[in-house]
Amino acid sequence: MSARRKVCAVMTRMAVYVFDKYHFTINAFSGSAIMCVGDIAQQNVERYHGLSDGYDWSRTGKYLYNRSETIVTRIAVIGSILGSVQHVFYRSLDNRYPARDAFTIAKKIFIDQTVCTPLNIIVFIYGLGFLEHKTLAEINEEFKDKCAMIFLVSFSR
């Protein structure tokens, strides 16, 4: 075996070990990263269509200062929450339905779309609204405006 293959094998074993040992933490942080990358992608679309001139990093970062004066991004907070919720949900779904036949997979997708997706939408819109210090009436209005479209886009994936 070449040195390159040995290095790749060692790195693969280390990655598998880390992902297995810290699965929950990785899911929580990857949720944050995906939310931030998603916002940057959305800003690319807006720039392409001439709706903005450049990147709005404060939109992606949307800083929130807590009592200890550490900076936490709002989108990352919501991504961590969603990543954590999804980790627990999908792990319990796999434990409840361990088979991998077509019927079981269809059942899992149906449960995901009817239980987890609406929960994720609620956590996303209300969580981000509260972190942006919006009133409940403003958040409810935003939920009415965006919920159906988010659900349809999520359902089409």
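pLDDT is the predictor's confidence in each residue, on a scale from 0 to 100. The model shown is predicted; local features need pLDDT of at least 70, side-chain atom pairs count only at pLDDT 80 or more, and totals for chains, interfaces and linings use all residues. Residues are numbered from 1 along each chain as its sequence is written, and side-chain values use heavy atoms, with hydrogens and water left out.

**View 1. Confidence along the chain.** The chain has a mean pLDDT of 79. Of its residues, 84% reach 70 or more. Helices (H or I, at least four residues) and strands (E, at least two) are DSSP runs, numbered from the N terminus. Confidence is highest in H5, at 89. It is lowest in strand E1 (residues 63-65), at a mean of 34.

**View 2. The stretch 63-72.** Across residues 63-72, pLDDT stays under 50. For this stretch the model has 15 contacts beyond four places in sequence, a contact being heavy atoms within 4.5 Å. Where pLDDT is low, the predicted coordinates should not be read in detail.

**View 3. The largest nonpolar core.** Five residues form this core: Phe89, Leu93, Tyr97, Ile111 and Cys116. Helix H4 (74-96) and helix H5 (102-131) are the elements that give two or more residues to it. A nonpolar core is a set of buried Ala, Val, Leu, Ile, Met, Phe, Trp, Tyr and Cys residues joined through side-chain atoms within 4.5 Å. Buried means under 20% relative accessible area, exposed over 50%, and partly exposed in between (1.4 Å probe, protein chains only). Cys116 counts as buried because its relative accessibility is 1%. In soluble globular proteins, nonpolar side chains tend to be buried together.

**View 4. Tyr97 in its loop.** Tyr97 sits in the loop between H4 and H5. Leaving aside residues up to four places away in sequence, Tyr97 touches Thr104, Lys107, Lys108 and Ile111. Ile111 is also a member of the largest nonpolar core. Tyr97 and Lys108 are eleven residues apart in sequence. Their C-alpha atoms lie 7.7 Å apart in space.

**View 5. The Lys108 and Asp94 pair.** Lys108 forms a salt bridge with Asp94, with the closest N and O atoms 2.9 Å apart. Lys108 lies in helix H5 and Asp94 in helix H4, so the pair ties together parts that are 14 residues apart in sequence. A salt bridge is a side-chain nitrogen of Lys or Arg within 4 Å of a carboxyl oxygen of Asp or Glu. By this rule the count comes to three. Lys108 is buried, at a relative accessible area of 17%. Asp94 is partly exposed, at 42%.

**View 6. The network around Glu142.** Salt bridges link Lys134, Glu142 and Lys146 in a network. The Glu142 side chain meets that of Lys134 at 2.8 Å, N to O. It meets the side chain of Lys146 at 2.9 Å, N to O. Glu142 and Lys146 both lie in helix H6 (residues 136-155). They are four residues apart, about one turn of the helix. Glu142 counts as buried, at 18% relative accessibility. Lys134 is partly exposed, at 29%, and Lys146 is partly exposed, at 41%.

**View 7. Cysteines without a disulfide.** The disulfide count comes to zero, where a disulfide is a pair of cysteine sulfur atoms within 2.5 Å. Cys147 is partly exposed, at 21% relative accessibility. Cys116, by contrast, is buried.
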